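The following account is meant for a reader meeting this structure for the first time. Please keep the sequence and the three-dimensional view at hand while reading.

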Number of protein chains: 2
Amino acid sequence: MTEIGRVAIVGAGQIGTMLGQALMDTGAGAAEVAVFDRDLEVARASVALGGAQLALERAELVLEADTVILAVPVDEIVRWLEEWGGMLRPGCLLLDTGSAKVQVVAAMRQYVPPLAHAVGGHPICGTETTGPAAARREALRGAIFALAPVRPDQVALDRAADLVSSLGSVPLQLSCEQHDRILARSSHLPHLLATALACVCLGADDDRQMVRAMVGPGFVGASRLAEASPEMVASFALANSMELSCALEEFGRELALLAEALGGGEVALRSALNRGGEARRELVRISV
Amino acid sequence: MTEIGRVAIVGAGQIGTMLGQALMDTGAGAAEVAVFDRDLEVARASVALGGAQLALERAELVLEADTVILAVPVDEIVRWLEEWGGMLRPGCLLLDTGSAKVQVVAAMRQYVPPLAHAVGGHPICGTETTGPAAARREALRGAIFALAPVRPDQVALDRAADLVSSLGSVPLQLSCEQHDRILARSSHLPHLLATALACVCLGADDDRQMVRAMVGPGFVGASRLAEASPEMVASFALANSMELSCALEEFGRELALLAEALGGGEVALRSALNRGGEARRELVRISV
């Protein structure tokens with residue numbers, strides 16, 4: 001059976017609301033979309049934004065759904081699995097949306113009963129803004145939705161892929177380890193860079209009004225992730241701290257090469273910059 | 001006299017074309033807008049895009065203008081001043097648009113005759129794209145246009161401020177040293193960070209197609225500057241290498257603090273991230 005059935009989303013933030021909005025589309029195939037948030041007002045705000053039909057008032061009601069989607073920060077996903085994972089009904093599909101997968105998949109293996117179907121998930125379309133009002137249903141269209149297997153359970157993967165496709169996203173299967181290795185460098189590292197950059201720039205001059213005036217489009221784009229929720233970033237960074245530490249070291253080495261090239265003159269610096277440009281063009285075919 | 005008169009723009013790239021488009025607006029007050037580029041085809045492309053009325057075929061024709069604007073990379077600005085600066089006519093206004101000002105202002109002091117009026121300029125609205133087709137006239141509207149004095153010459157500053165205002169931009173006077181100190185951290189550093197980030201991310205996994213698929217909006221924004229022209233970036237980075245080296249050291253220290261916080265757990269990391277978020281909010285009031 002590949003039916004989505006009744007859906008319960010845990011977490012009414014940007015991602016939870018966005019998924020709910022997409023599932024509420026006629027044709028997505030959900031029989032019902034409910035949302036639970038530890039803050040009932042946030043869940044109600046999500047309902048008001050078309051993110052669900054109803055806001056669940058008690059956490060245990062989530063367990064009645066055929067499809068459960070966990071859309072909270074990574075540490076909360078792990079805590080949810082510890083508390084509720086063992087009570088998931090046989091035959092239900094469990095998917096999460098966390099930005100770090102090794103810890104989540106390990107907790108799924110430990111707590112989810114074998115007759116429930118669990119898959120680690122991650123839609124690659126979130127932004128640095130938070131809360132239900134930040135949800136844009138369109139962001140899911142054409143976006144990659146990473147799926148990390150939990151067990152040798154083809155039913156789980158097929159149903160998760162069908163669900164993802166029904167949202168207009170593109171399912172992409174990879175191991176939780178590969179996911180975390182890549183995300184450490186493509187997402188978690190950039191969050192730390194933006195944070196450090198904002199701090200350095202603020203200290204550029206005692207006259208902060210002058211610094212503020214001189215900040216241009218380059219800084220605005222490069223530092224945007226510094227405004228992501230510290231709770232969310234701390235949560236995925238700590239869950240992926242080994243890979244992120246490696247990424248920080250690699251970054252330090254690249255920066256040292258650039259500093260050396262800066263001392264080495266025009267040809268050396270151009271060549272170092274060119275390498276970065278080529279890497280970026282290879283990674284981002286169409287600039288968004 | 002504060003007339004703009006006949007304008008000659010040197011450099012038909014993004015900034016030169018954008019300035020020309022704004023000067024071609026009725027009401028800007030220019031009697032004529034001409035453009036010179038060492039590549040005549042690029043100058044003609046700029047004319048076709050409304051960046052000037054005519055493309056000058058010989059470099060010396062620039063000297064006939066009442067207002068000369070140098071819109072080429074910093075090292076080319078300095079070379080232009082060495083070659084042509086001494087021949088600028090008495091009473092003419094000379095303005096540049098380079099992203100590093102100490103070297104340019106020093107060359108203006110050395111080469112521009114005392115009866116010509118020179119000002120170091122920098123419109124804070126460029127992007128990582130290059131060439132006349134990248135020009136957006138609207139980018140100048142409301143943008144800060146930094147003006148760095150060359151000599152105690154109020155006429156120069158008044159005329160430059162009038163010119164900038166006629167483009168719809170906001171003149172902001174500061175010393176060339178203050179400009180370069182701030183820009184090292186708000187713009188030149190982010191270019192190097194984007195370059196290093198793109199290199200690290202490309203190496204995230206042997207399966208590059210997978211890395212490419214997993215790259216999301218965060219990476220796209222954080223790495224955008226890596227695609228800026230290596231010639232242009234090398235030019236301003238080398239012209240501002242002392243301040244940029246300091247900025248790199250400061251950044252290294254901030255990143256070390258974050259790495260330490262990553263090892264220190266949730267409270268430490270959240271607090272470090274929060275500092276960056278506050279800095280970013282103080283610098284960017286309205287997120288673009």
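**Salt bridges, the interface and selected elements**

B:R270 has a relative accessible area of 27%, and therefore counts as partly exposed. The model in which this residue is found is a predicted one. The partner of B:R270 is B:E266, and their side chains form a salt bridge with an N to O distance of 3.0 Å. B:E266 is likewise partly exposed, because its relative accessible area is 38%. An α-helix has 3.6 residues a turn, so residues three or four places apart point the same way.

Over all chains, the structure holds 37 salt bridges. Within chain A, the side chains of A:D96 and A:K101 are joined at 2.8 Å, N to O. In contrast to the partly exposed B:R270, both A:D96 and A:K101 are buried. Salt bridges also link A:E41, A:R44 and A:E57 into a network.

Other salt bridges run from one chain to the other. A:R181 and B:D205 meet through their side chains at 2.6 Å, N to O. This pair crosses between chains, from helix 6 of chain A, which holds A:R181, to the loop between helix 6 (176-202) and helix 7 (208-214) of chain B, which holds B:D205.

The interface as a whole may now be considered. Chain A and chain B bury about 8,000 Å² between them, and 72% of this area is on carbon and sulfur atoms. A:M214, A:R280 and A:L283 supply 10% of the area that chain A buries against chain B, more than any other three residues. Each chain brings 87 residues to the contact. Nine salt bridges are counted between chain A and chain B. In one salt bridge, A:R212 pairs with B:E282, with 3.9 Å between the closest N and O atoms. Across the interface there are also 14 residue pairs in polar contact. Among the elements of chain A that give two or more residues to the side touching chain B are strand 7, strand 8, helix 6 (176-202) and helix 11 (266-283). Helix 6 of chain A provides the largest share of that side, 19 residues.

B:P217 lies in helix 8 of chain B (residues 217-223). With 40% relative accessibility, B:P217 is therefore classed as partly exposed. Apart from its neighbours within four places in sequence, B:P217 is in contact with A:I124, A:C125 and A:G126. B:E260 is 43 residues away from B:P217 along the chain, and their C-alpha atoms are separated by 27 Å.

Attention now turns to helix 5 of chain A. The 13 residues of this helix (residues 154-166) should span 18 Å at 1.5 Å a residue, and the end C-alpha atoms are 18 Å apart, which agrees. At the N-terminal end, A:D153 caps the helix, with a side-chain oxygen 3.2 Å from the backbone nitrogen of A:V155. Just after the helix, A:G168 adopts a positive phi of about 90°. The buried residues of helix 5 are A:A156, A:L157, A:R159, A:A160, A:L163 and A:V164. These buried residues pack against several elements of chain A, including helix 1 (14-24), strand 4 (67-70) and strand 8 (170-173).

In chain B, helix 1 (residues 14-24) is mostly covered, with ten of its eleven residues buried. Among the buried ones are B:Q14, B:I15 and B:L23.

Where does B:D37 lie? B:D37 is found in the loop between strand 2 (30-36) and helix 2 (40-48) of chain B. B:D37 is buried but has no salt bridge, and the nearest side chain of opposite charge, that of B:R38, is 5.2 Å away. The side chain of B:D37 instead reaches two backbone nitrogens, that of B:A12 at 2.7 Å and that of B:D39 at 2.9 Å. Leaving aside neighbours within four places in sequence, the contacts of B:D37 are B:G11, B:A12, B:G13, B:V42 and B:A43.

Technical notes. Residues numbered from 1 in each chain as written. Chains lettered and ligands numbered in written order. Predicted model: local features only at pLDDT ≥ 70, side-chain atom pairs only at ≥ 80, totals over all residues. Heavy atoms only, no water. Helix = DSSP H or I, 4+ residues; strand = E, 2+ residues; numbered from the N terminus. Buried < 20%, exposed > 50% of the residue type's maximum accessible area, 1.4 Å probe, protein only. Lys, Arg positive; Asp, Glu negative; His and termini not counted. Salt bridge = Lys/Arg side-chain N within 4 Å of Asp/Glu carboxyl O. Polar contact = N/O pair within 3.5 Å; in protein donor to acceptor, adjacent residues only side chain to side chain. Contact = heavy atoms within 4.5 Å. Expected span 1.5 Å × (residues − 1). Buried area = accessible area lost by both parts, 1.4 Å probe.
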